[in-house]
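Hi there,

Here is the structure I promised to send over. Have a look at it first, and then read on for what turned up.

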Amino acid sequence: MKTPIASLSIAARATLNMHSLNNEGGEGNQIQTRMVEIVGDDQNLHSVNAISGDMLKHVLMEHFYQLARARHVSLCHSCQNFNTNRINADTDFIKSASKKDAEFIDQTLRLCAIDDVAGFLATEGRSTPRKSVSEFGWVLGLPEKVRTDSYFHVKYAPERGEEKRAADAAGQKTGANLGQSIFHRPASSGIYAMVCHLELARIGYNDIAQDYAVGEEERQLRASLLLESLLHTFIELNGAMRSTQLPHLVALEGAITTSTSVTPAPLVSPLMGGGEDRESYRKQLDGIVAALNGNGEEMVRLQTFGTIGEFASKMRALIDSSSPFAIAVGR
Ligand SMILES: [Zn+2]
């Protein structure tokens, strides 16, 4: 007997060394990293290194895409090539699809698991939105617990004879960039706060028609793949510059909350408490879970983890023991 899960939240602190998952592109030979302003636990503003939620969601969908392909899950033509325009780029489908919003959503959800869980805004000749089932916040460095430095690199040219230099100079004009060059590349190390939320109850759910467009078996498959992708996202943080600056993930701790009903799985920021207090946010979550459950049945559950391995095994247990909760439908 599987436990129905309606929603799931994760609040975590990850310690990452020497990563540049968040590079914004370059100015000349200087690559910029992303800094944002946040209010710390001391009520003051701090400038911290950050990775956008878009990056994490993109990583999640990359993992989901790989799993969906391996398991032969239905995807639209566009998502079969991991085109981020999703259903909008499946021109044949868009041409033949229903002009009525509710029917269009039904057709899209049946056709494509990625459009179902990642959401979209259909824009051609219509404006039909699908809210994402997965949500990520910014990954934020804890004030005073993260540092970014710029490192000097050289690309050496193997041979520097006169003829070669002339050829390289000619290549430079065409953009071939064959000569010796120097560049600066940033890398950051520190403790980062991460938040995410999954609405498993909405997998296959048409928000306009207020009913499910796909059957129970397909919903179960999509939910399992989504949870599995989430596990992969945390243990294999993709992003920019991984070919030479693969991040060192040295620690992961936090909390997973799950809800078996329409009560939302609670989430608080792991920034709470600041760098010196590792328990505040988990204690708060514990209190919220107790308050939500009251004296009734346990609808909301909190699980904490202190290591990467513990997180992975708790997620594995959830994947194997859960099914997506079904909202009562009126149609
Ligand atoms: Zn698609």
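Which residue has its charged end over the ring of Phe104? It is Arg126, whose charged end sits 3.9 Å from the centre of that ring. Phe104 also belongs to an aromatic cluster, together with Phe93 and Phe120. Please keep in mind that this is a predicted model.

Now to the metal. The zinc ion is held by four protein donors: the SG atoms of Cys76, Cys79 and Cys112, and an OD atom of Asp115, at 1.9 to 2.3 Å from the ion. The angles among the four donor atoms run from 96 to 117 degrees, and the site is tetrahedral. For comparison, the ideal angle for four tetrahedral donors is 109.5 degrees. Along the sequence, the donor residues follow the spacing C-x2-C-x32-C-x2-D. Cys76, in the loop between helix H1 (53-70) and helix H2 (77-80), and Asp115, in helix H5 (residues 113-118), are 39 residues apart, and the pair links distant parts of the chain. Cys76 and Asp115 are both buried.

Back to the rings: the structure has six aromatic pairs. One of them is Phe234 with Phe311, a tilted pair because the ring centres are 5.1 Å apart and the planes meet at 50 degrees. Phe234 is in helix H7 (residues 216-235) and Phe311 in helix H9 (residues 308-321), so this pair ties together parts 77 residues apart in sequence. Phe311 pairs with Phe305 too, with centres 4.8 Å apart and planes at 55 degrees, so that pair is tilted. Phe311 is buried at 0% relative accessible area, and Phe305 is buried at 2%.

Happy browsing!

Notes:
Residues numbered from 1 in each chain as written. Predicted model: local features only at pLDDT ≥ 70, side-chain atom pairs only at ≥ 80, totals over all residues. Heavy atoms only, no water. Donors = N, O, S within 2.8 Å, 3.2 Å for Na, K, Ca; no water. Tetrahedral: all angles 85-135°; square planar, octahedral: opposite > 155°, others 65-115°. Helix = DSSP H or I, 4+ residues; strand = E, 2+ residues; numbered from the N terminus. Buried < 20%, exposed > 50% of the residue type's maximum accessible area, 1.4 Å probe, protein only. Phe/Tyr/Trp six-rings, centres within 6.5 Å; stacked < 30°, edge-to-face > 60°. Lys NZ or Arg CZ within 6 Å of the ring centre and 35° of its normal.
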